Amino acid sequence: MTRNTGTEDGSMITYEAARLEQYGEFMQLMHDEAHEYLRGVMELVQMTRAQFDHLFRTVGHVCGIYEGQRLAGFYWIEQRGRILHLHALIVKSQFQNRGIGTQVLNMLASGNRDNVNSIELGVHESNERAIRMYERQGFKTVRKLDDLKFRIMQKQLP
Ligand SMILES: CC(C)(COP(=O)(O)OP(=O)(O)OC[C@H]1O[C@@H](n2cnc3c(N)ncnc32)[C@H](O)[C@@H]1OP(=O)(O)O)[C@@H](O)C(=O)NCCC(=O)NCCS
């Protein structure tokens with residue numbers, strides 16, 4: 001299924017479920033764009049890279065984010081009960097700061113209002129840009145994991 005949202009400048013952002021052959025590319029993208037946070041995530045869930053890779057391929061849903069025909073990044077979500085967990089949101093560096101991450105968060109909130117009560121994510125304390133974006137989108141810190149320098153943020157959906 002493909003879903004569309006327009007960006008501020010009018011270009012179209014689309015989302016497509018990851019194809020099997022894309023998982024390796026997306027995992028590499030996660031290492032390229034977020035390697036300094038990924039170690040923390042793996043510690044958080046107490047996993048080796050191989051176990052994390054397996055989880056990525058088998059749990060929840062991974063969708064590519066496209067600007068026109070070009071892959072701009074991906075997100076990885078999992079619904080558990082009435083909470084939507086955003087396990088990863090990665091925008092390629094050349095597509096960052098153009099409102100795409102914000103668009104994805106808006107789309108996830110508006111598209112899941114009937115399924116869940118909140119969206120939850122974990123973010124490294126040093127990732128100030130991501131924290132700013134999440135706070136602007138109404139996410140609040142609900143828990144801090146000081147030893148891992150991670151915070152859990154939640155957004156309640158109306
Ligand atoms: C964090 C991340 C997902 C943000 O995605 P993004 O698409 O760059 O986010 P946005 O463009 O919506 O917002 C980022 C900045 O662009 C600005 N911006 C938003 N729309 C804009 C537009 N149309 N034109 C110019 N700037 C814009 C925002 O104001 C924001 O500025 P700020 O950082 O000074 O507050 C992205 O940087 C990323 O993938 N980083 C690496 C991986 C990562 O850390 N992921 C999150 C793990 S929890």
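The model is predicted, so local features need pLDDT of at least 70 and side-chain atom pairs count only at pLDDT 80 or more, while totals for chains, interfaces and linings use all residues.

Select residues 118-124, which form strand β6. Helices (H or I, at least four residues) and strands (E, at least two) are DSSP runs, numbered from the N terminus. Of the 7 residues in β6, 5 are buried, meaning that 20 or more other C-beta atoms, placed from the backbone, lie within 10 Å of a residue's own.

**Stop two: its partners.** Now show residues 150-156, strand β8, which pairs with β6 in the antiparallel sense over 7 bridges. Glycine 122 has isoleucine 152 in β8 as its bridge partner.

**Stop three: the ligand.** Which residues come nearest to the ligand? Select Gln96, Gly99, Gly101, Thr102 and Ala130, out of 21 residues around the ligand; near means a C-beta atom, placed from the backbone, within 6 Å. Then colour α4 (128-136), which gives the most to this shell, with 4 residues. Other elements that supply at least two residues each include α1 (23-44), β5 and β6.

Methods. Residues are numbered from 1 along each chain as its sequence is written. A residue is buried if 20 or more other C-beta atoms lie within 10 Å of its own, exposed if 12 or fewer, and partly exposed in between; C-beta atoms are placed from the backbone. Two strands pair if DSSP finds at least two bridges between them.
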